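My entries follow in the order I made them.

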Amino acid sequence: MPVNNRPRGNQLRAALTLSKYSLIATLRSPTSVVFSLLFPLIFIVVFGEMVGDKGPPVKVAVAPGCDTINPVYKAMMLTGSIKLETGLSATEIGDAMQKGTVSAVLKIVPDGGMSFIPHYQVRLTAADTTQEGVPFLKMLINNAVENIDRRAWPHNPTIANLSLSRMPGHLHKTIDFILPGQLGFSLLMAGVFGSSFLLFSLRQNLVLKRLRATPVKKRAVIAGEMLSRLFFHVIAFVIMVGLGYFVFGFTLVHGWWTFLEMLLFSLFGLGIFMGLGFVISGVLQNESSITPVANTITLPQILLCGLFFPIESYPHWLQSFCNVLPLTFFVDGLRKIAFDGAMIWELPVQVTGLLLWTVVIGVWAVKAFKWE
């Protein structure tokens with residue numbers, strides 16, 4: 001029976017002591033180091049060295065006043081490699097160009113150059129730092145125009161002329177997409193696998209049962225484990241962001257302030273993924289069952305949450321499911337902070353989603369926690 005009449009101990013000291021030894025155990029665990037640090041570093045190096053990746057459909061903003069009933073525009077809509085963003089104001093288009101969320105701005109106007117057949121000017125405005133998407137986009141539009149010419153007027157002049165102008169903007173590199181995903185991968189693996197195996201081991205070896213006979217409270221044990229994971233995550237975070245920034249030119253829009261904001265935002269993911277580990281360790285009674293259950297939770301998120309490929313590349317029916325997963329909220333938020341320069345309070349969708357997941361997983365983790 002637990003002893004309840006002893007003087008209350010220093011819960012903070014108990015939590016710090018538990019976090020210290022938990023951190024030591026984590027650093028000595030090859031599995032934790034490999035999955036939470038080594039694998040993400042390998043992915044960062046591999047994808048950081050990639051050049052000319054194909055990527056998702058080219059996003060093009062439709063400028064106000066663009067003629068959208070002509071055959072050129074309709075042909076572009078049918079092209080699966082072009083995604084037309086409509087309904088944006090001039091200010092929103094300017095912000096999107098600066099942040100690199102669209103590759104170009106499209107405006108089609110009739111020029112009245114020929115009296116007997118319709119003729120149009122197709123005007124593209126692209127950031128001067130956009131390298132891969134714009135040549136591909138020009139090729140797609142030219143192909144669409146040529147197809148219309150061949151079908152409708154095989155012996156007549158072209159239906160439209162294409163022109164391109166440039167404006168300033170940020171260069172969106174492969175590493176800007178990959179590195180936030182690898183930070184999420186590291187936190188997911190460390191939280192789910194690390195916490196579940198460690199707590200199960202402590203309970204199996206009767207360590208938690210002996211702690212229950214002391215004045216240490218349940219929240220001190222949970223806080224100690226969270227502090228341990230936080231210290232380990234800070235180490236991995238600094239290494240990965242440092243490698244991406246100094247070696248591959250990872251974008252930190254506001255420098256150190258962006259770095260600190262990304263680290264602070266990581267606390268949301270830490271709480272959720274550690275909570276999942278607590279739930280697994282509390283629900284399962286057999287250590288051999290932890291790995292398959294943890295894989296069932298982590299693998300779908302690794303594949304579906306945009307760590308390696310944009311969610312826009314998936315079918316529309318699958319995107320709805322991807323967008324509500326906790327890792328999606330977390331990785332999207334990191335990318336907006338790092339590349340767009342957004343503040344945490346400017347991410348209502350991501351923060352709200354993470355808070356809801358934190359509450360659900362937190363309540364479940366506390367109820368699933370077992371001393372023995």
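Is Leu230 buried, partly exposed or exposed? Leu230 counts as partly exposed, because its relative accessibility is 23%; the classes are buried under 20% relative accessible area, exposed over 50% and partly exposed in between, with a 1.4 Å probe and protein chains only.

**Conventions.** I noted that this is a predicted model, in which local features need pLDDT of at least 70 and side-chain atom pairs count only at pLDDT 80 or more, while totals for chains, interfaces and linings use all residues. Residues are numbered from 1 along each chain as its sequence is written, and side-chain values use heavy atoms, with hydrogens and water left out.

**Leu230, continued.** I placed Leu230 in helix α8, residues 218-248. Not counting residues up to four places away in sequence, Leu230 touches Leu267 and Leu270; contact means heavy atoms within 4.5 Å. I also checked Leu187, which is 43 residues from Leu230 along the chain, and found their C-alpha atoms separated by 9.5 Å.

**Whole protein.** I counted 13 helices and five strands; these are DSSP runs (helices H or I, at least four residues; strands E, at least two), numbered from the N terminus. Of the 372 residues, 46% are buried. Among contacts with a separation of 6 or more, 78% join residues 24 or more positions apart.

**Helix α6.** Residues 174-204 form α6. I read a reach of 44 Å from first C-alpha to last for its 31 residues, close to the 45 Å expected at 1.5 Å a residue; the expected span is 1.5 Å times one less than the number of residues. α6 is mostly covered, with 27 of its 31 residues buried. Leu206 follows α6 and has a positive phi, near 65°.

**α6 against α12.** I found that the two axes come within 9 Å and cross at roughly 140°; axes are lines fitted to C-alpha atoms, for helices over the stretch in contact, and angles run from 0 to 180 degrees between N-to-C directions. α6 and α12 are therefore oblique to each other (under 35 degrees is roughly parallel, over 145 roughly antiparallel, 65 to 115 roughly perpendicular, the rest oblique). The α6 and α12 crossing is right-handed, meaning that the near helix is turned clockwise from the far one by less than a right angle. Residues making this contact include Phe177, Leu183 and Leu187 of α6 and Phe330, Leu334 and Phe339 of α12.

**α6 against α9.** I recorded an angle of about 35° with the axes 7 Å apart. This crossing of α6 and α9 is right-handed. Among the residues that meet here are Leu187, Gly191 and Ser195 in α6 and Ser266, Gly269 and Leu270 in α9.

**Helix α13.** I took α13 as residues 348-368, 21 residues that reach 30 Å, close to the 30 Å expected. Its buried residues are Gln350, Val351, Gly353, Leu354, Ile361, Ala365 and Ala368. They line one face of α13, because they fall within an arc of 155° seen down its axis; the arc is that of the directions from the helix axis to the C-beta atoms. The face turned away from the buried side carries exposed Pro348, Leu356, Val359, Val360 and Lys367. I found α9 (256-283) and α12 (326-339) among what covers the buried residues of α13.

**Gln350.** Gln350 is buried, with a relative accessible area of 9%. Leaving aside neighbours within four places in sequence, Gln350 is in contact with Phe265, Phe329, Asp332, Gly333 and Lys336.
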